[in-house]
Amino acid sequence: MTKKVNLIIDTLNELFPNPKCELNYTKDYELLLAVMLSAQTTDKRVNMVTGPLFQKYDTLEKLNLLTIEEIENEIKTIGMYKQKARHFKSIVSDLIKLGGFVPNDRDVLINMSGVGRKTINVVLSNLYNEPCIAVDTHVNRVSKRLDLAKDSDDVLEVEEKLMNTFPKEHWSRLHHQMVLFGR
């Protein structure tokens with residue numbers, strides 16, 4: 001590793017010795033839904049919505065009975081709630097068809113409504129301890145400011161550059177640390 005990489009790892013370890021996902025969840029599907037809902041809003045806001053929602057509807061079957069309008073009403077305080085309600089309903093339906101669990105399979109996850117690369121990386125990293133780097137707004141900005149990526153790079157290019165720069169065993173932890181640092 002280069003001096004710069006070591007310095008970044010050491011500094012982030014000192015600043016954030018115990019980084020973790022800040023979305024609250026107790027079940028695998030709750031994490032998947034919360035990450036999808038977190039697009040263009042804060043984890044804090046998502047937790048305010050999902051806490052009561054997942055307590056009131058504590059199984060996939062109960063969530064599946066909700067209409068899109070009912071889901072909209074439950075999540076209306078977060079951005080893009082109408083679109084997210086449709087994704088939510090579709091994901092719940094897909095998970096029931098899959099036997100009620102979130103698969104450790106990128107190909108299956110990417111075909112779910114509203115689930116993209118960032119969501120998949122967060123889910124696989126947190127549920128299955130897969131080494132992943134999820135590039136959100138914070139990771140993207142921090143990577144560019146630290147000259148780990150070019151300003152013109154898209155999120156996939158940033159992810160690839162981070163994976164090529166940092167050892168695999170640091171990826172998941174690094175993602176959480178960069179999110180916290182970026183905030």
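**Stop one: a glutamate in a helix**

Begin by selecting Glu 30, which you will find in helix 2, the run of residues 28-37. This is a predicted model, and helix 2 has the highest mean pLDDT among the elements of the protein chain, at 98, whereas helix 11 (residues 171-182) has the lowest, at 94. For the protein chain as a whole the mean pLDDT is 96, with 99% of residues reaching 70 or more.

Which side chain of opposite charge is nearest to Glu 30? Show Lys 27, which is that nearest side chain and is 4.2 Å away; because a salt bridge requires a nitrogen-to-oxygen distance within 4 Å, Glu 30 has none, although it is buried. Next display Tyr 25 and Phe 54, the residues that Glu 30 contacts once its neighbours within four places in sequence are left aside.

**Stop two: the largest nonpolar core**

Now select Leu 32, Leu 63 and Phe 88, which touch the most other members of the largest nonpolar core, a group of 36 residues.

Centre the view on Leu 63 and, not counting residues up to four places away in sequence, look for its contacts with Tyr 29, Leu 33, Leu 53, Phe 54, Tyr 57, Phe 88 and Val 92.

**Stop three: another core**

Finally, select Ile 8, Ile 9, Val 139 and Leu 174, which are among the 19 residues of another core lying apart from the largest one.

Terms used
Residues are numbered from 1 along each chain as its sequence is written. This is a predicted model: local features need pLDDT of at least 70, side-chain atom pairs count only at pLDDT 80 or more; totals for chains, interfaces and linings use all residues. Side-chain values use heavy atoms; hydrogens and water are left out. Helices (H or I, at least four residues) and strands (E, at least two) are DSSP runs, numbered from the N terminus. Buried means under 20% relative accessible area, exposed over 50%, partly exposed in between (1.4 Å probe, protein chains only). Lys and Arg count as positive and Asp and Glu as negative; His and the chain ends are not counted. Contact means heavy atoms within 4.5 Å. A nonpolar core is a set of buried Ala, Val, Leu, Ile, Met, Phe, Trp, Tyr and Cys residues joined through side-chain atoms within 4.5 Å. pLDDT is the predictor's confidence in each residue, from 0 to 100.
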